[in-house]
Amino acid sequence: MNIFRTAMFASAAALVASAALAEYPERDIELLVGFSAGGGTDVMARTLEPFLEKYIGDGANVVIKNIPGASGQIAVTQVAEAEPDGYTIGTYNLPGVMARTLDREADYTADSFTYLANVVNDPNVIVTPQSSSITSMAQLIEEAEADPGAITMGISGLGGDDHFMFIALEDATATDFTLVPFGSSAPTRTAIMGGHVAAGILNVSEIAGFEESIRVLAIASEESSEYAPDVPTLKSEGIDVVNGSLRGFVAPEGLSEEVEQKLMDAFRQTFDDPEFQQAMRDTSNPTRLSLGEDFRMLNNAQLEFAKRVWETSPWK
Amino acid sequence: MAISVLIPFTFAFEPLVALGLMAGIYNGAMYGGAIPAVLLRIPGTPAAVATSFDGYPMAQQGRGGYALQVAVVSSSIGGIASALALMLLAPPLARLTLLFGPSEIFWIAVFAMTSVVFLLGGNPIKGLISAAFGIVVSLCGSDIITGYDRFTFGHLELLDGINIVVLLVGLYALPPVIDLLQKSSSPDASKASELNAGSFWANLPGMRRFAKTWARSSVIGILVGILPGAGGSMAAFLSYNEARRDSTNPKDWGKGEPEGVAAAETANNADTASALIPALTLGIPGTAVAAIMLGGLLVHGLQPGPMLFRENPDIVFGFMWQFLFGAMLLIFLGGSLATNNFARVLLLPRPLLGSIIIALMLIGVYSIHGRMFDVYLMLGFGLVGFAMDKLDYPLPPVVLGVILGAFAEQNLRLALRIGRGDWSILWTNTASVVLILLTGAVVVGPLVMRTIRKWRRTKNIQGE
């Protein structure tokens with residue numbers, strides 16, 4: 001019995017030792033997606049998954065698990081609380097994930113994560129229906145100044161990127177619009193197409209193919225986008241606002257340097273793969289890579305902006 | 001439900017194969033919902049609630065097999081009509097969708113609620129209490145307009161509101177299972193022997209008498225399908241109601257009238273393909289399922305919207321043909337193979353049947369979001385449902401309240417936002433006025449008809 005126990009202990013110890021020495025990954029990596037299958041974040045994750053497997057190498061297997069609810073907060077909380085061993089990573093949406101730390105009780109903070117890579121940067125666009133008489137950004141601002149609040153502006157949700165865009169626009173131009181939150185982007189776009197609101201804020205990926213019914217006045221990015229090549233940036237219109245929806249990947253805080261490096265390398269190689277870029281273009285995902293420390297700084301900048309908005313004009 | 005579980009499987013296929021699979025699942029699931037609704041009074045989908053009104057009494061009278069045969073033929077006809085509408089009328093119908101803004105959608109919800117008040121039946125006070133309970137449940141979650149959380153009690157799981165399937169399974173499935181287990185342990189032999197309704201093909205010609213109901217319900221289903229946010233359950237309730245109103249023997253409805261099954265099943269399948277009209281042409285999902293299918297298209301690099309028809313006509317029209325063939329196949333597969341076999345479920349010993357249903361309920365509800373919270377919530381609703389059942393409170397108004405309550409409320413508030421607080425926004429456009437008049441007609445119509453009839457009768461008597 002005693003010998004048996006010793007043998008068992010020894011073999012268990014050997015197993016632990018070999019586990020520590022073994023090359024990551026030696027089992028499935030779970031990728032938690034905070035939205036249902038078929039949504040924008042899910043499509044991004046599923047497009048990226050085969051490339052990530054390929055570049056992690058060693059026969060890595062990434063398993064996607066959809067944990068929808070509370071606009072991604074349930075999944076992101078699970079990532080924050082997971083073992084930091086590299087076998088749990090998750091999708092990460094900005095500014096939403098950080099905004100939730102302000103407007104709700106969240107079981108995580110900006111320090112709960114290892115920031116791997118932000119992959120999608122989907123800038124906001126200011127739009128009007130094609131049937132509208134407002135055809136330029138200058139005209140929109142003019143009309144808003146003439147009769148504050150007369151222009152209704154459709155957005156998808158409070159505390160999201162388009163809401164922040166709305167507040168930044170009002171601040172930068174000292175105008176007043178009437179906020180109409182539809183809850184999600186599809187009904188917002190429908191209401192704009194049908195002329196039920198005078199203007200709206202969408203993301204550039206959401207207007208592809210809708211040129212016949214939606215007019216894009218300006219885009220809130222540094223440079224003009226390949227998805228809307230002829231649209232002026234807000235900056236070129238004299239409005240200093242850059243804003244959009246960001247989607248990336250994080251792991252729990254405390255990842256070992258070795259695993260972190262391996263994952264970041266895999267994300268970089270994925271991003272540089274022309275096939276991946278083509279796949280992202282096909283699924284209307286405007287890409288822009290921010291890796292590791294850059295991603296963390298991007299996150300902090302988003303949090304700072306969200307805090308400023310929350311202090312001056314809380315949305316609930 | 002089935003479609004969100006199965007859609008990741010389709011991502012691996014060629015686009016057209018994947019879309020065919022989605023179309024098949026969509027059509028099949030809509031009919032599949034009718035099977036437990038008829039046999040056990042447990043609707044598999046919200047859209048099958050109206051099917052259980054007459055389907056379950058039929059099963060109790062030993063005509064369950066026939067009810068399923070009527071359901072499969074009606075489903076198939078609704079599906080075919082809808083696929084044809086999608087193929088022939090997509091562009092003009094899509095433009096109709098754009099006419100509906102928040103104020104018009106609010107009136108649609110009011111119209112639907114008003115029309116189905118007739119469904120309350122029995123004790124109207126109890127019906128209204130049930131409906132009010134449903135509306136309270138629908139308000140649960142984060143309010144989109146102010147951002148405040150309502151009735152969430154600090155639970156993240158409640159922020160998006162309560163999933164209708166969780167409520168439906170608890171409310172509808174648990175009470176009959178408890179009933180089932182309370183009774184004797186052997187299956188009801190007398191009913192079981194009558195189960196076999198005779199050959200499907202022999203019964204088919206006799207169903208021609210439903211032709212009028214099929215036609216009317218198809219039109220209702222198609223129209224409701226293209227309206228944003230309404231969905232199959234509203235189509236089924238409205239068409240059940242219209243069919244009953246037109247019937248020569250409205251008193252028999254709810255007691256096992258096959259025409260009721262036909263009306264509900266035609267309409268809830270007629271909205272499947274038509275819900276894809278705004279989805280494919282405008283990128284607007286008419287129902288939750290259509291939204292999932294839009295995601296499925298996107299995975300295959302197909303951007304839904306006006307350009308889809310121009311850039312990928314082979315895929316779009318291939319998809320439509322698949323819908324049409326899927327609906328036709330339903331008759332052969334669902335009809336001749338499965339229907340009688342499904343009805344045999346009732347031959348199982350009660351404890352076995354009850355345990356299987358409970359296991360399936362738990363798995364089904366868990367797999368919606370992959371969390372136990374929904375399972376506990378479902379069991380809670382099950383107790384509420386059991387109490388309501390024993391106290392004779394009707395369940396359908398709860399479902400209607402959940403589906404239409406918050407829907408009407410949100411759109412009313414959005415409309416008032418757009419009108420900057422001015423209520424006149426609710427009646428200053430043509431579509432709204434038409435809907436208000438329709439709603440008024442539903443309320444006043446029967447009264448006027450009765451008065452006219454009475455007046456004629458007294459005149460006749462005087463004449464004599």
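1. P95(A) sits in the loop between strand 3 (88-94) and helix 4 (96-103) of chain A; helices (H or I, at least four residues) and strands (E, at least two) are DSSP runs numbered from the N terminus. The peptide bond joining L94(A) to P95(A) is cis, with omega of about 0 degrees.

2. A word on the ground rules: this is a predicted model, where local features need pLDDT of at least 70 and side-chain atom pairs count only at pLDDT 80 or more, while totals for chains, interfaces and linings use all residues. Residues are numbered from 1 along each chain as its sequence is written, chains are lettered from A and ligands numbered from 1 in the order written, and side-chain values use heavy atoms, without hydrogens and water.

3. Have a look at F151(B) too: this residue is not a glycine, yet its phi is positive, about 50 degrees. F151(B) belongs to the loop between strand 2 (149-150) and helix 8 (164-182) of chain B.

4. Now the interface. Contact (heavy atoms within 4.5 Å) links 41 residues of chain A with 41 residues of chain B. The buried area (accessible area, 1.4 Å probe, lost on putting the two parts together, summed over both) is about 3,200 Å², and carbon and sulfur atoms give 62% of that. On the chain A side, T190(A), H196(A) and K316(A) lose the most area to chain B, together 17% of what that side buries.

5. How many salt bridges (Lys or Arg side-chain nitrogen within 4 Å of an Asp or Glu carboxyl oxygen) are there between chain A and chain B? The count is zero.

6. Finally, chain B carries a nonpolar surface patch whose members include Y366(B), M372(B) and Y376(B). Patch residues have over 30% relative accessible area (Shrake-Rupley, 1.4 Å probe) and no salt bridge, with nonpolar side chains (Val, Leu, Ile, Met, Phe, Trp, Tyr) joined within 5 Å and like charges within 9 Å. Helix 18 (350-369) and helix 19 (372-390) of chain B each supply at least two of its residues, and Y366(B) lies in helix 18.
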